[in-house]
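Subject: Structure for your review

Dear colleague,

Please find below the sequence and structure that I am handing over to you. My notes on what was found follow directly after it.

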Amino acid sequence: MERPVEQWEAYARRKWASLDPCLQQKLSVAVPLGDTFLLCVPLFQPADEEFLHRLAARNWVGKDPRAALFYKEEGNKRFQNKEYTAALILYSKAVSHNSPEMSLCYANRSAALFHLGHFEDCLEDIDRAQAQGYPNRLQPKILLRKTECLLLLGRLQEAAGVISTIESKIAMDQSLTSTTRQILLRKISQLKVKAHEKESSPVSVPEALSKTQKDLEFWEENGKISSAFSSVSLNFNSCRGRHLVATKDILPGENLVKEEAFVSVLSPGKSLLLQDSAETTWDTRVTNEDLHCHRCLKQLLASVPCGGCSYAKYCSKKCAQLAWEHYHCTECPLGALLLTLGVFSHVALRTVLVAGFAEVSSLMKQFHEDDKELHKAEARGESRDETRDSTAGMEGLSEKAEPLIPGCEDDGQYRGSYQAVFNLLTHAEKHSPEHKFLCTLSIVAICKKLQESQSKLKAHVKMSTELSLELKILGEAMLRHMLQLHCNAQAVTAIRESESGDSIVADSEQVRLATALFPVTSLLNHSCDPNTSVTFSGTAVTVRASQPIPRGQEIVHCYGPHRCRMGAAERRQRLLCQYFFECRCQACLDELGSDVTGIAATGDIFCCSSCHASMQGEDVLRCSSGACTLLVGRDYLLRQLWDLRLQVRTALGLLKDNQPNQAVELLMRCRVDAENFLSAEHMLVGEIEDHLAQGYATLGKWQEAARHLRRSIQIVEARHGPSSVETGHELFKLAQILFNGFAVSEALCTIQRAETVLCVHCGPQNAQVQELQEMRACLLELPRSLLHRVE
Ligand SMILES: [Zn+2]
Ligand SMILES: [Zn+2]
Ligand SMILES: [Zn+2]
Ligand SMILES: [Zn+2]
């Protein structure tokens, strides 16, 4: 979803094709980017603006009381079915649209929060409901809920205060029927009993303090690179560019970089685009906006909606305020346009807003002056690199000082600042002219819109078609960031537990939460076989060593194409296309030098249906065992594979729909089919085993579940290695199954293995690691007699 919507992309392509060849030529060679930008400004015509406006109108980001009503009713339906999480999200959607029933929406959400056990958040929503004018006749109901929350939180005095308020309200209210009065009074006396019990056995204070202590991991900061540990150093040479190197022997699991994003934008998830019909329809799909804070990406409970739009939701009032001050006041009216232009445009805009105009214009000015110097020097016949060195010398540094590495500040420090972001490579000359045109046109569209909303504020100023000087500077900077994002955007991901029926064993998937810029992490070069693992917590990234890294070795991470996922040819093609370099990592060199083809490397191996030996060949495959003469066309096998994948997907749907019996039945059939033509190590076979384990776990058949999961682990291990994060996730599932099945000693053993592996990749604070530790503690506390009985 980083890309703009298709129609806009196609429109820009057509526009490019219709340009005068002379102008095309000019745009293709225009350097610096400022020239490209200025050439494009007059090309953005009212007709283009009109087209974009129509497209953007299909993203509904405004507030609509009818939507509030719709979501409230949908929420009520879920609430009645006891689906409290779903109800919570729908009530949050309801409060993001203003309506006269806001107070009821908040009150209903407080009920959902209460059932989910989030008492603090429940109290907040009760306050919000009351602040929005919750009807007087319903007050006793909501106050009873408040009392229960306070009691459960051990806030007895406040609870007593609320009880007396309710009592006086009941006494005053003449409209109450006698039955209602009776019910309320009975409820109050029950609560009083509860309060009394609490008083005699006070709840212990939660161990919040010791927890924060635990969060402080050992941290020895690097003197030269902020957010990096002292075990790495920043190097620069012409072939590797800027890169990080180990300054000592590093152990697996050691932290290397811990960095807060300079800027991040929540991914819109599934497209919000409505159908092209006059009829407005609301749907109940859950997207990233419903689950995560628009600013800090924290998971949302009682979300606080933006006052101006229906799509920005925040975890707290504080986050809403900070976002508004730093960028959202400008972005809010542009919401629909930004969704149309894609996340990269949005990140580019937010980058300049976060940096602030003063910072942006000072770096732009500096950049243009340096560039002039370079042109003069080139005219004198010096090369660019020499000039860079000599300008560094001219800036008053001592003569033997090493030249500054680009992005470092004058003191030689590399900070995760705007200066570092500004100096990320744009590869401006390597993007296709069409792509550059699309980016530029999108940025011009944003600038025009900004100009329009600025002049709306000052009504007396006549709207001019010429962009203001300020917007010209911001526009060029945004274009720069947009091109940088192509190679430097980092997807912020999270493991989301997918809700599949009542399964105790979680099925989880990796989801893209946001697109961000991390200037320090961006210093890492790519390898198809990396020596690091990257994890995220909110908008912060942590890079850890995933294997021993000897002193002097380069620290690398994988930009996406990993050797376990695709063959060298495909990886190199993708890297060249997106990142403009030819991968020469060890994995690529090894693979290209050997006979192993890319397909075999990714495990797409077919086997003979009669003797199970592997099949070999290109278009027609032949059984490799001499005794057998079977011949099969590759197309036929690929079709079979396709059909099998469809079946597996259907089974997964059944699991999600809480029909484990049917799912297991179908998966067992898939397994037989797979054995007929796929090698036993094929990833699809592993997936089938994994899903079978999940199905059996849902049915409470722990032994069967464990048996299938062990097979899945074997396949994952063979492909990714025994200490890979992928194996770690599978071991975690096995630990859950064994734990639930009371297979104590094997569970303890698996917990240990899973913990070791996951700790290296995800650190000790990781949710799964913590859960493993809880499982262990729980098993060790079991009485001895029970241990013997169940085993
Ligand atoms: Zn937040
Ligand atoms: Zn807003
Ligand atoms: Zn490679
Ligand atoms: Zn055979």
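In which strand is Ser533 found? Ser533 belongs to strand β10 (residues 532-537); helices (H or I, at least four residues) and strands (E, at least two) are DSSP runs, numbered from the N terminus.

Before going further, please note that this is a predicted model, in which local features need pLDDT of at least 70 and side-chain atom pairs count only at pLDDT 80 or more, while totals for chains, interfaces and linings use all residues. Residues are numbered from 1 along each chain as its sequence is written, chains are lettered from A and ligands numbered from 1 in the order in which they are written, and side-chain values use heavy atoms, with hydrogens and water left out.

Surroundings of Ser533

Ser533 counts as buried at 10% relative accessibility (buried means under 20% relative accessible area, exposed over 50%, partly exposed in between, with a 1.4 Å probe and protein chains only). Its side chain makes a polar contact of 2.5 Å with that of His761. A polar contact is a pair of N or O atoms within 3.5 Å; within protein, one must be able to donate a hydrogen and the other to accept it, and residues adjacent in sequence count only if both atoms are side-chain atoms. Leaving aside residues up to four places away in sequence, Ser533 touches Thr542, Val543, Arg544, Ser546 and His761, where contact means heavy atoms within 4.5 Å.

Strand β12

In a regular strand the side chains alternate between the two faces of the sheet. Strand β12 (residues 554-557) is covered on both faces: Glu554 and Val556 on one side, and Ile555 and His557 on the other, are all buried. Strand β2 (residues 241-246) runs antiparallel to β12 and is joined to it by 2 bridges; two strands pair if DSSP finds at least two bridges between them. Leu244 has Ile555 as its bridge partner in β12. Strand β9 (residues 525-526) is also joined to β12 by 2 bridges, but these strands run parallel, with Asn525 opposite Val556.

The zinc site

Which residues coordinate the zinc ion (ligand 2)? They are Cys306 (SG), Cys309 (SG), His328 (NE2) and Cys332 (SG), at 2.1 to 2.3 Å. Donors are N, O and S atoms within 2.8 Å of the metal (3.2 Å for Na, K and Ca); water is not among the atoms, so sites may look incomplete. The site is tetrahedral, with angles of 106 to 113° among its 4 donor atoms (four donors count as tetrahedral if all angles lie between 85 and 135 degrees). Along the chain, the donors follow the spacing C-x2-C-x18-H-x3-C. Cys309 lies in the loop between β5 (304-305) and β6, and Cys332 in the loop between α14 (317-331) and α15 (335-341), so the pair ties together parts that are 23 residues apart in sequence. Both Cys309 and Cys332 are buried.

Salt bridges

The count comes to 35 salt bridges, each being a side-chain nitrogen of Lys or Arg within 4 Å of a carboxyl oxygen of Asp or Glu. One of them joins Lys192 and Glu167 (2.7 Å, N to O). Lys192 lies in helix α11 (residues 178-200) and Glu167 in helix α10 (residues 156-172), so this pair ties together parts that are 25 residues apart in sequence. Lys192 is partly exposed at 41% relative accessibility, and Glu167 is partly exposed at 29%.

Yours sincerely

Key. Four donors count as tetrahedral if all angles lie between 85 and 135 degrees; four count as square planar and six as octahedral if opposite donors are over 155 degrees apart and all others between 65 and 115; anything else is irregular.
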